[in-house]
Amino acid sequence: MPVEIAAHAGFCMGVRRAVEEAVKVAESGVKSCTLGELAHNPTVVDMLREKGVPPIHSVEEAQGRQVLIRSHGVSPDVLDALSAAGCSVIDLTCPFVAKLHRIVAEGTADGTPVIMVGEAEHPEVRGTCGWAKGPVYVVATPEEAEQLPEMATAIAAAQTTYPPERWEAITAVLKRKVKVLHEHCTICNATPVRQKEAKELAARADAMIVVGGRNSANTQKLYAACKSLCPRTILVERAAEIPPAFANTDSEFIGITAGASTPAGSLEEVLTHMTDMQNTDFNMDAVVASMTRIRAGQTVTGKVVLVGEDEVCVNIGYKADGIIKRSDLTQEDVKVDDEIEAEIVKVNDGEGNVVLSQRNIVNRKAWEALMAKFEANEYVEGVGKEAVKGGLIADVEGVRAFVPASQLAQHYVEKIGDFVGKDMKLKIIEVDKQKKRIVASRKAVIVEETAAREKEAWERLEEGIIIHGIVRRLTAFGAFVDVGGVDGLIHITDLSWGRISHPSEVVKPNQEVDVKILSLDRERKRIQLGFKQLQARPWDNASERYPEGSIVEGKVVRITDFGAFVELQPGLDGLVHISQCATQRVNKVEDAVQVGQVVRVKVLSVDTEKKRISLSIRQAMEDEIFDDNMEIDAEDVEAEAEIVETVEE
């Protein structure tokens with residue numbers, strides 16, 4: 001006769017907490033009582049009565065005793081009445097119920113109506129309604145919801161033990177009745193989990209035993225759910241109520257579950273009774289021993305059993321489920337039955353819950369990945385997040401890092417805020433593993449990458465080769481050109497075959513140029529480049545371009561005592577001797593020409609080997625006068641011819 005107990009059978013967190021505190025109060029010896037039955041279970045009530053903590057049903061019965069407020073909670077009026085009666089109060093209201101009270105109180109502060117979804121006579125619902133500051137409506141079925149008046153706005157909240165499927169059916173109606181409906185699904189996560197597990201167990205079992213008090217609404221709903229799936233379902237408060245022949249054969253599979261107010265002792269009693277019938281040495285300690293053992297910092301895998309507004313409930317195979325706050329989730333659109341990995345933050349948060357976090361896992365993995373890169377001396381990717389005193393806070397692959405201002409660049413950074421939102425490559429230079437803090441440097445990356453580029457560039461540079469580069473900056477003495485990661489200098493004398501006063505006459509910043517490497521000094525890291533060396537030499541074809549006897553134009557670029565130098569083209573000058581500067585004799589060259597003056601000259605001779613050109617302004621002028629006279633003489637001849645023809649006629 002196999003027997004299986006539902007994983008979440010018995011006390012819920014709120015009831016367990018209340019019973020444990022009540023037992024402590026009983027052991028303290030302080031005369032106490034509970035306002036109403038602490039739990040809807042006669043075994044629990046009888047146990048507390050025997051320990052000297054009986055239930056009372058009105059404030060008047062307290063008679064100065066210490067009063068324990070049960071997990072269902074009460075209204076503010078009841079608390080005020082107890083205070084007025086001089087009673088000290090220990091509030092054991094379930095945290096889920098207390099949250100429900102806050103939602104109702106805050107949501108109705110401005111008079112907004114509240115619609116409570118639950119059983120009108122349930123003590124939790126009665127107590128919650130007392131916290132409302134506006135109109136209150138209680139509905140338990142979709143039909144009752146249909147009877148509500150139409151409203152402009154309202155908040156909807158649920159009894160914490162209400163069936164989730166009924167809540168959804170009722171809110172579907174409320175959305176038609178209320179224009180602006182503020183929904184608060186305040187159903188305790190233990191309720192749907194318990195219902196779901198019980199249904200799954202009932203669907204497989206040959207017979208089901210539901211253990212709990214008959215006056216417990218939670219237990220009654222559990223019984224009804226199991227009964228619908230397994231006709232042979234019974235509800236018992238004690239093991240003695242199980243019929244002697246309940247299990248027909250040794251092979252029948254028996255399922256056991258229990259309501260939220262059922263103590264472990266009652267479950268153990270039923271389990272022992274069933275196993276005694278089977279003559280099997282099986283007890284509750286064995287069940288507990290078989291449960292998963294967990295510790296803080298451990299990574300576990302579990303199945304999502306409930307998705308709430310602020311948190312997600314995960315079954316991790318432990319006696320209590322794990323709770324993950326939305327802020328600690330990294331997965332989006334988490335659904336029931338999803339399998340997720342999380343880290344245990346706390347085994348018990350003080351209320352019986354196991355606190356989980358997915359973000360801790362992500363952070364730990366991110367840290368481990370960063371440490372691996374740090375050990376391997378690898379660079380990391382970061383994004384500037386916030387400018388702070390002394391530097392920049394950056395997000396480095398999911399880990400917070402500090403970049404000192406001195407490590408942002410090779411030069412002084414005046415506005416650190418310019419790096420906020422900027423992607424950057426960083427190198428980790430300092431690590432505090434205990435505090436999980438890192439210091440990173442952008443400057444170190446720039447220095448190392450620059451050194452790597454320079455090394456690579458120097459390896460491929462050779463004297464005499466022609467290489468492509470980009471003009472980076474100009475100075476009075478030349479132009480600096482980036483030739484693949486390193487800078488070389490084109491001296492002003494190597495920019496042009498002609499005379500220039502500034503490099504900007506030939507090249508501009510960011511201009512792409514081809515240059516020749518004239519010399520390399522690897523020790524001093526100096527590169528001398530040539531630009532004019534790739535241009536045609538003016539003297540190579542001077543005799544063809546300026547044949548003897550031709551008349552051309554040029555600009556006077558220099559004057560000496562013996563003559564004037566005239567530039568015919570950049571890098572090609574000719575000399576006009578003082579005797580050839582004018583048609584008449586001059587004592588000084590300046591009496592005939594000035595620097596910068598454009599003149600017409602006659603080529604007298606070209607010596608390409610000695611790089612000399614002899615020019616004459618005087619002969620150019622005389623030739624032009626002769627040509628003009630020749631034109632006048634031709635006109636006279638034509639005139640004479642016309643006169644002769646006239647005389648003959």
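A pocket, on a 1 Å grid over the protein atoms alone, is an open set of points with protein on both sides within 12 Å along at least five of seven lines, whereas a cavity is a set of points where a 1.4 Å probe fits but cannot get out; lining residues have an atom within 4 Å of a point. Grid points are joined across faces, edges and corners, and a volume is the space filled by probe spheres set on the points.

This report concerns a predicted model, in which local features need pLDDT of at least 70 and side-chain atom pairs count only at pLDDT 80 or more, while totals for chains, interfaces and linings use all residues. Residues are numbered from 1 along each chain as its sequence is written, and side-chain values use heavy atoms, with hydrogens and water left out.

## The second largest pocket

The second largest pocket holds about 860 Å³ of space. It is lined by 31 residues, and those closest to its centre are Phe96, Lys99, Asn189, Gly308 and Glu311. Helices (H or I, at least four residues) and strands (E, at least two) are DSSP runs, numbered from the N terminus. Two or more lining residues come from each of α4, α7 (164-177), β9 (178-184), β13 (299-307), β14 (311-315) and β15 (322-325). Helix α4 supplies the largest share, five residues. In classing residues, Ala, Val, Leu, Ile, Met, Phe, Trp, Tyr, Cys and Pro count as nonpolar, Asp, Glu, Lys and Arg as charged, and the others, Gly among them, as polar. By these classes the pocket lining has 15 nonpolar, five polar and 11 charged residues.

Arg102 also belongs to helix α4.

The structure holds one cavity of 30 Å³ or more. The largest cavity contains about 270 Å³ of space. Its lining comprises 24 residues, of which Cys12, Val15, His72, Thr161 and Ala260 are the closest to the centre. The elements giving two or more residues to this lining are α1 (13-28), α4 (95-107), α8 and α9 (217-229). Which of them gives the most to the lining of the largest cavity? That element is α8, with three residues. The cavity lining has 11 nonpolar, 11 polar and two charged residues.

A residue is buried under 20% relative accessible area, exposed over 50%, and partly exposed in between (1.4 Å probe, protein chains only). Among the buried residues of α8 are Thr191, Val193, Glu197 and Leu201.

## Nonpolar cores

A nonpolar core is a set of buried Ala, Val, Leu, Ile, Met, Phe, Trp, Tyr and Cys residues joined through side-chain atoms within 4.5 Å. The largest such core has 29 residues, and Ile209, Val211, Ile242, Phe246, Ile256, Val270 and Met274 touch the most other members. The elements that give it two or more residues are α8, β10 (207-211), α9, β11 (233-236), β12 (254-258) and α10 (264-278). Strand β10 gives the most, with five residues. Contact means heavy atoms within 4.5 Å. Not counting residues up to four places away in sequence, Val270 touches Ile209, Val211, Val236, Ala239, Ile242 and Ile256. A second, separate core has 23 residues, including Ala542, Ala582, Val589 and Val606.

## Individual residues

| Residue | Relative accessible area | Class |
|---|---|---|
| Arg102 | 48% | partly exposed |
| Gln220 | 31% | partly exposed |
| Asn377 | 49% | partly exposed |
| Lys436 | 46% | partly exposed |
| Ser496 | 16% | buried |

Gln220 is part of helix α9. Beyond residues up to four places away in sequence, Gln220 touches Arg214 and Leu235. Gln220 and Ile551 are 331 residues apart in sequence, and their C-alpha atoms are 123 Å apart in space.

Asn377 lies in the loop between α12 (359-375) and β18 (380-388). Although Asn377 is not a glycine, its phi is positive, at about 60 degrees. Lys436, in the loop between β21 (423-432) and β22 (437-441), has a positive phi near 55 degrees and is likewise a residue other than glycine.

Ser496 is located in the loop between β25 (487-491) and β26 (512-521). Apart from neighbours within four places in sequence, Ser496 is in contact with Val506 and Lys532.
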